[in-house]
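Try each task on your own before you read the solution.

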Amino acid sequence: MDSFSSYTNRVELGRGGMSTVYRATALDGATVALKVLAIHLAADKTALTRFQNEIRLLTDLIHPNIVRLLGADLRGNPPFIVMEYVEGEPLDKRVSRTGTITPRELAPILLDVGYALDFA
């Protein structure tokens with residue numbers, strides 16, 4: 001797997017306690033999502049094990065409602081996961097923008113989430 005620095009046009013999409021997710025461009029021009037383990041956790045065995053478990057789980061989850069794992073580099077600095085990028089607006093931003101989501105709009109979203117959870 002290529003190093004993190006080989007992914008260009010990185011734009012932060014979100015940040016959590018363990019990692020940051022970026023939209024980025026791969027060497028082949030594809031748009032991907034990179035989940036990058038926080039630098040301060042790269043030497044933490046517990047955090048690295050959780051990251052490895054996430055990779056192992058994603059490897060087996062092939063479903064249209066679950067992003068696909070495209071690769072990973074756990075030895076890189078920082079360690080990262082490469083996933084399929086799905087264009088769209090996060091639900092929380094949609095609610096902030098529109099103020100509400102009708103039951104008719106929410107039903108297909110929840111159905112897709114349910115299908116993914118059932119498969120997982």
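**Exercise 1: A charged pair**

Glu89 and Arg97 form a salt bridge, with 2.8 Å between the closest N and O atoms. Before we go on, note that this is a predicted model, where local features need pLDDT of at least 70 and side-chain atom pairs count only at pLDDT 80 or more, while totals for chains, interfaces and linings use all residues. Residues are numbered from 1 along each chain as its sequence is written, and side-chain values use heavy atoms, with hydrogens and water left out.

Solution: 
- Step 1. Recall the contact: a salt bridge is a side-chain nitrogen of Lys or Arg within 4 Å of a carboxyl oxygen of Asp or Glu.
- Step 2. Recall the classes: buried means under 20% relative accessible area, exposed over 50%, and partly exposed in between (1.4 Å probe, protein chains only).

**Exercise 2: Bridges between elements**

Task: Find how many salt bridges the whole structure has, and say which elements hold Glu54 and Lys35.

Solution: 
- Step 1. A search of the whole structure gives 5 salt bridges.
- Step 2. One of them joins Glu54 to Lys35, whose closest N and O atoms are 2.9 Å apart.
- Step 3. This pair links distant parts of the chain, 19 residues apart: Glu54 sits in helix H1 (residues 45-60) and Lys35 in strand E3 (residues 31-37). Helices (H or I, at least four residues) and strands (E, at least two) are DSSP runs, numbered from the N terminus.
- Step 4. Glu54, at 23% relative accessibility, is partly exposed, whereas Lys35, at 19%, counts as buried.
- Step 5. Glu105 and Arg94 also meet in a salt bridge, at 3.0 Å from N to O. Here helix H3 (residues 103-119) provides Glu105 and helix H2 (residues 91-98) provides Arg94.

**Exercise 3: Two rings**

Task: Work out how the rings of Tyr7 and Phe80 are arranged.

Solution: 
- Step 1. Rings of Phe, Tyr and Trp (its six-membered ring) pair if their centres lie within 6.5 Å; planes under 30 degrees apart are stacked, over 60 edge-to-face, and the rest tilted.
- Step 2. The structure holds 1 aromatic pair. Tyr7 and Phe80 lie 5.8 Å centre to centre with 75° between the planes, an edge-to-face pair.
- Step 3. Tyr7 and Phe80 are 73 residues apart, and both are buried.
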